[in-house]
Amino acid sequence: MTPVEGRLRTRAVRLGPRSLAALCLVSAVGVAGFGWPLFADPTSQVAAHAQDAPWLFAGLLVLLVAVVTATISESGLGPKAVAMLGVLAATGAALRPIGAGTAGIEPMFFLMVLSGRVLGPGFGFVLGSVTMFSSALLTGGVGPWLPFQMLAMGWFTMGAGLLPGPDRLRGRGELALLAAYGFCAAFAYGTVMNLAGWPFMGALASNVAFDPHADVTANLARFLAYCVATSLGWDLGRAVVTVALTLTLGATLLKALRRATRRAAFETPVTFEPR
């Protein structure tokens, strides 16, 4: 097997044109679903239905995430990749409750970063979405926020697969890159999830709540104040835990994941020899 073939076989899913188109579609709708409070015109019908819009976007995201997962699966999610997906998703779902309610101690994010790095962006998106869905079933965290969590975690894990040097960068340089990404992405995840719930606040906290009649500058200031007041400590804890686990356990887990993907040889068809 040549080095090029070896690199290809460590990608459980290769994104084709259909998969990329579906992924871009769901991402565009997701950006609209997360960001509409900051960009909707105060006089528009969307702003007039501030309490309804998140529910509508959540329902649409359920369908679109399912379409993307199915499309990516059709492009090459074979039985070996499905087995790997099941193991990693189950592990991630089991890790999530460990730090539930404890200052952002969420080791699941560390696993998602390293898995996305080794297995690529296509597998990463599916893994992030499936893991969040599985963990929600395990912890009872099913609600209108779940589609947003699935999409955000899919982006989080996919982003690790898009980092530079997947076939060349190794050692401390790679760990530093993954730690830096995990730190920034942990804050990004918390921020976009804040956007999903922020419009529901209504008049409960007037100084930081979304105001459908205010312009984007005023609402942005309110949103930043909301993030600082409600989630900054949690996001910082998530980021620090992700960095610490990446730097201490990352090398070992990366070797294990790469060894598993080489042995799986995802793109080698499964054949049965006659007896």
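The model is predicted, so to speak of local features we need pLDDT of at least 70, and side-chain atom pairs count only at pLDDT 80 or more, while totals for chains, interfaces and linings use all residues. Residues are numbered from 1 along each chain as its sequence is written, and side-chain values use heavy atoms, leaving out hydrogens and water.

Which residues of helix 5 are buried? Ala-81, Met-84, Leu-85, Leu-88, Ala-89, Gly-92 and Ala-93 are, where buried means under 20% relative accessible area and exposed over 50%, with a 1.4 Å probe and protein chains only. They cover an arc of only 155° around the axis, so they sit on the same side of helix 5; the arc is that of the directions from the axis to the C-beta atoms. On the other side, Pro-79 and Val-87 are exposed.

Now to helix 8 (residues 172-197) and helix 9 (residues 216-230): their axes come within 11 Å and cross at roughly 115°. Thr-191, Asn-194 and Leu-195 of helix 8 make the contact with Phe-223, Tyr-226 and Cys-227 of helix 9, contact meaning heavy atoms within 4.5 Å.

Finally, Asp-235 lies in helix 10 and counts as buried because its relative accessibility is 5%. Leaving aside neighbours within four places in sequence, Asp-235 is in contact with Ala-186, Phe-187, Gly-190 and Thr-191.

Technical notes
Axes fitted to C-alpha atoms, helices over the stretch in contact; angles between N-to-C directions. Helix = DSSP H or I, 4+ residues; strand = E, 2+ residues; numbered from the N terminus.
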